[in-house]
Amino acid sequence: MQVRNISRRGFLVGSALTAGLLTVGVGGMSSWLAKEALADDTSNITQVPTTCNACSNKCGFVASVKDGRLWKLKGNSLHPNSKGKLCARGHGYSQVVYSQYRITDPLKNDGNGNFSAISWDQAYQEIGDKVKQILAKNGPEAFALIEDPRPNGKYYSHRFINALGSGSYYHHSAACNLSFTSANVLTMGTTGYSGDITSSKFVIFIGRSYADGINPKSALSLAQARDNGVKIVFVDPRLNNSANFGSQWVPINPGTDLALVLAISNVLVTNNLYDADFVANETYGFDEWSATLDQYTPEWAEPITGIKADTIKQLAMDLAASAPKSVIAETWRGAYGTAYLNSTETGRAVNAVNALLGNFNKKGGALITSAPSAGALDPVKFPPVPKPTERLGVEDFPLADDVPGSNLSVPLYVDKGVLKGIFFYNSNAAMGYTNPKTWADTLSKMDLKVCIDVQMSETAHLCDYVLPECSYLERDELPEFLGSSQGVACARQKVVDLVNANTKTSDVIYSELAQACGIGQYFKFTLEELIEAQLASVNADLNEYKQKGVTNVGDPVDVYAGPPNWKTPTGKFQFKSDLMEECGLDPLIHWVAPKVMPKDGEYRLIGGKQSIHSHQMTTANEALMAITDEYHLEAAWINAAEAAKLGIADGDMIEITSAENTSQVRCKVTERLNPTAIWIPTHYGCSSPELKPGYGIGVPWMSMITYQAEPKVGSAMSQEVIVTVRKVEA
Ligand SMILES: Nc1nc2c(c(=O)[nH]1)N[C@H]1C(S)=C(S)[C@@H](COP(=O)(O)OP(=O)(O)OC[C@H]3O[C@@H](n4cnc5c(=O)[nH]c(N)nc54)[C@H](O)[C@@H]3O)O[C@H]1N2
Ligand SMILES: Nc1nc2c(c(=O)[nH]1)N[C@H]1C(S)=C(S)[C@@H](COP(=O)(O)OP(=O)(O)OC[C@H]3O[C@@H](n4cnc5c(=O)[nH]c(N)nc54)[C@H](O)[C@@H]3O)O[C@H]1N2
Ligand code: SF4
Ligand SMILES: [Mo]
């Protein structure tokens, strides 16, 4: 392991400075900014409220700049996501601005993986020429773009690919939460909900850990819920770090949550413990569905889940006793975001339980809120692009949540010879969206691959051109609109001047690239003009937006107004989906076994987040990797009894083997894990030599899994993988 020259303690001291929550007084902006300032030194300091980019949560912070250099960060107390806090990786990732691992110039691949710097003009010229050739020969449907959406990307990436004539725009979500959001659309007609856990009496989390997969707002609510005396149950094969705030750990066999939730439904329905009024007035398909539930008894679920039938009954009784102040909280990635063959069905079943509890938009229940968005803009200044081709993959994955689609459509349509050119923005697809070999093979068959990134990711390595964006601290972006009881527009604003003079902002890169590709007419406006137009379209206060980083949009809404207007085809909550029937699937929520199950001597490889890292993008961060080094956070977890059987002791090197790959890593022997699972942190295994701090450390998660897609949805099924384990003899 490499020696880092950053002191972990120094870094943590910096983090701790952000801890206090400040309330905003009535003294106006300057006094508010003074309060947000760190009290120890205010000479030569300017402060800019902006938005974090260290993960997709988009928290707000106030950056202090001293003598032109980034000095300190502090969570913005006005921001709905950060509520005055910033997480450790939010702090740590800010190092990227001065990182030696940034890309500083446009790069061109010589075809053998050797990159050399070229001018922007040459890059635009060559990419533009290639785009025009492909357009002439193959038409617009030959292009796709993938991004993990950020405020600028959502507009500029989408507009760019649509202006080329292609509708093949995808998010990262096939490896994140696509099954969950698709299940939500199928049952509720909306992509998400959140558990109102602080006002609840009884909360079940299924594979969602607010203390590991961090969002400051959620982490704060967990502590508050505990203080409020809420009973909180964690269903997780692993005793995760949120469990410190909870009352009960249910160490389920991974991949079997659907059986647990169906058995809970069985208890609620057979004992008449459900909200009959809600079911009668707000739902579709209940009679047909409830007639199927007899088979899903707690006794049926016990051997599948490894959870005693009595425990399952008790969970159902506790939910019913507290309803509507009880909820199965939302998930994100862990249990059924995209992990299994049955992930979408698990999501539907979880929503069905909340429907049986009648808790939608009730205090302590499941809250469905919507975020505001920009209104119509001047069509002369911001001309609409003509209708593009239909996104590739809609026929293959008709149940996928519409906006993100499934990016696993890309390998499919490259193999069919349709897709020829691809753009990546803020995306490390080749390392994170399915097996990296599949992406390498897919990209090798394409005529043009362009990656816009800040560092030399594994995806960048597979591209023909790599275009260097400046870091988020060096740029303005479009407003991020967020919703809850009060919609807001949040600002990302330039904090420091360009550190690497030859890097550019994404709005400029897209606009100049568009010019070179012959679609410049759709980008004849500046970012500043677009920000002003978007804010004006919703009557938001531009001055407040700039000064405070947050401004209200629209009027407050009553989040406890009772059931929403269901935007499903039937206008009801759907226990039954006619769309699924049209797709040849069982329309009623039903049991689907996981694709694979471990036999004796085998384990299921599961994974999860660590509070100090984000996906793979923090791998080159020296401060955060120093913490990994010190605490051996890259270790794989194995159950203590299983380790004993295999002669493995805590700290030993073990070899983990799947059908796809073998990887060696230190292990952590623990009672905190279901014996059928091996758990790995998902942030490691970097294979890009330029990203030295993380290079070669830990298990490259996706390299262990097989390229596969959840039928009709297109999720990566990232935990349908069996492994064996052995001790590496010294
Ligand atoms: N620190 C940190 N925080 C993040 C992120 C990050 O990269 N780092 N990313 C953000 C993003 S994009 C996301 S999607 C979220 C993810 O947020 P989460 O989904 O909460 O994160 P994970 O840690 O992937 O999974 C949560 C838990 O699911 C458990 N789990 C695994 N398999 C199963 C199963 O089969 N059943 C059950 N019941 N549990 C299972 C894991 O053991 C883990 O403890 O985090 C967000 N916040
Ligand atoms: N191995 C692995 N795979 C995963 C996950 C994981 O934890 N590990 N998590 C899964 C989940 S939950 C999700 S949400 C997805 C996330 O999917 P991604 O967002 O694709 O994953 P990251 O590894 O965070 O990669 C983001 C890329 O954006 C680049 N980037 C960072 N800042 C900027 C910027 O300012 N501008 C530009 N242009 N690029 C920037 C980073 O350098 C990195 O290459 O991955 C999924 N797949
Ligand atoms: S959760 Fe942490 S890393 Fe993500 S945006 Fe918020 S502060 Fe940044
Ligand atoms: Mo995610």
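The shell around ligand 1 divides into twelve nonpolar, 16 polar and eight charged residues. This is a predicted model. There are 36 residues around ligand 1. Arg208, Asp236, Tyr340, Lys609 and His613 come nearest. By secondary structure, strand 22, residues 603-608, gives the most to this shell. Its share is three residues.

Next, the polar contacts. Lys609 uses its backbone: a polar atom there is 2.7 Å from an oxygen atom of ligand 1. Val235 also contributes through the backbone, with an N or O atom 3.0 Å from a nitrogen atom of ligand 1. Arg238 works through its side chain, where a polar atom lies 3.0 Å from an oxygen atom of ligand 1. How much of the accessible area of ligand 1 does the protein cover? On its own, ligand 1 has 910 Å² of accessible area, and the protein covers 100% of it.

Now the cysteines. A disulfide is a covalent bond between the sulfur atoms of two cysteines. How many disulfides does a search of the whole structure find? The count is zero. Take Cys686 as a case. The closest cysteine sulfur to that of Cys686 belongs to Cys451, at 14 Å. A disulfide requires the two sulfur atoms to be within 2.5 Å, so the sulfur of Cys686 is too far from the one in Cys451 for a bond.

Is Cys686 buried or exposed? Cys686 counts as buried, because its relative accessibility is 2% and the cut-off is under 20%. Cys55 is buried too, with a relative accessible area of 12%.

Terms used. Residues numbered from 1 in each chain as written. Chains lettered and ligands numbered in written order. Predicted model: local features only at pLDDT ≥ 70, side-chain atom pairs only at ≥ 80, totals over all residues. Heavy atoms only, no water. Near = heavy atom within 4 Å. Polar contact = N/O pair within 3.5 Å; in protein donor to acceptor, adjacent residues only side chain to side chain. Areas by Shrake-Rupley, 256 points an atom, 1.4 Å probe, with all protein chains shown as cover. Helix = DSSP H or I, 4+ residues; strand = E, 2+ residues; numbered from the N terminus. Nonpolar A, V, L, I, M, F, W, Y, C, P; charged D, E, K, R; others polar. Buried < 20%, exposed > 50% of the residue type's maximum accessible area, 1.4 Å probe, protein only.
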